[in-house]
Amino acid sequence: MDLQERINNYHNTFPKYSKLLINNNCIEGIWVMGNNYRTKSNLYGAYPHGYLKRIESLFPLIKNKTLHLFSGSLPDSDDYDKVDFNNGIDAHTMSNKLENNFYKLIYSDPPYSIEDCDHYGCCMIKRNIVFKECYKIMEKDGILIWLDQVLPNYKKIEWDIIGRIGMVKSTNHRFRVITIFKKK
């Protein structure tokens, strides 16, 4: 599916939401998620309400080839794998336990700050190391969707950015960016 087809699917699924566009072979836009604070988890930092439905309309889950990284709020499933400090796999060394060059799609929502880590009861991640680990376990042309407050260090010879979507829940919430990478 090319980028325009992905955007068309998003617009058909969410016709009343802000429009996405393609600029220089990159999906761009802004998502205002609204002030619905309900999530399916009591875990601090769970995906914002509606986020997964939106991102999956652009990049649908690929059964048995999708990884949710930093995914403690998601239920276990036979359709995807999970890596989180709660399941005993360390994202900094996950390529030692997970098959290399395997995943076609990774959704990632790491802790954004030390304060967030205090809520989770974990240490702050080293984004550059986790990003290298994602590269190892990702297939060529695989997609990494990285939700964060910062753009992680990455090598342009290894990844292309094919999407940037700004995201805010509502008033008094931090602004995040969804950066979508494609492995070369």
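**Exercise 1.** Determine which residues Ile 145 touches, not counting residues up to four places away in sequence.

*Solution.* Contact is defined as heavy atoms within 4.5 Å. By this criterion, Ile 145 touches Tyr 51, Ile 55, Phe 59, Leu 105, Ile 106, Tyr 107, Ser 108, Ile 178, Thr 179 and Ile 180. The model is predicted: local features need pLDDT of at least 70, side-chain atom pairs count only at pLDDT 80 or more, and totals for chains, interfaces and linings use all residues. Residues are numbered from 1 along each chain as its sequence is written, and side-chain values use heavy atoms, with hydrogens and water left out.

**Exercise 2.** Identify the residues with the most contacts inside the largest nonpolar core.

*Solution.* A nonpolar core is a set of buried Ala, Val, Leu, Ile, Met, Phe, Trp, Tyr and Cys residues joined through side-chain atoms within 4.5 Å; buried means under 20% relative accessible area (1.4 Å probe, protein chains only). The largest such core has 26 residues, and Trp 31, Tyr 51, Ile 55, Phe 59, Ile 145 and Ile 178 have the most contacts inside it. Elements giving two or more residues include helix H2 (51–58) and strand S6 (138–148); helices (H or I, at least four residues) and strands (E, at least two) are DSSP runs, numbered from the N terminus. H2 gives the most, four residues.

**Exercise 3.** Explain why H2 is largely enclosed by the rest of the structure.

*Solution.* The buried residues of H2 are Tyr 51, Leu 52, Arg 54, Ile 55, Ser 57 and Leu 58. Because six of the eight residues of H2 are buried, the helix is largely enclosed by the rest of the structure.

Notes: Buried < 20%, exposed > 50% of the residue type's maximum accessible area, 1.4 Å probe, protein only.
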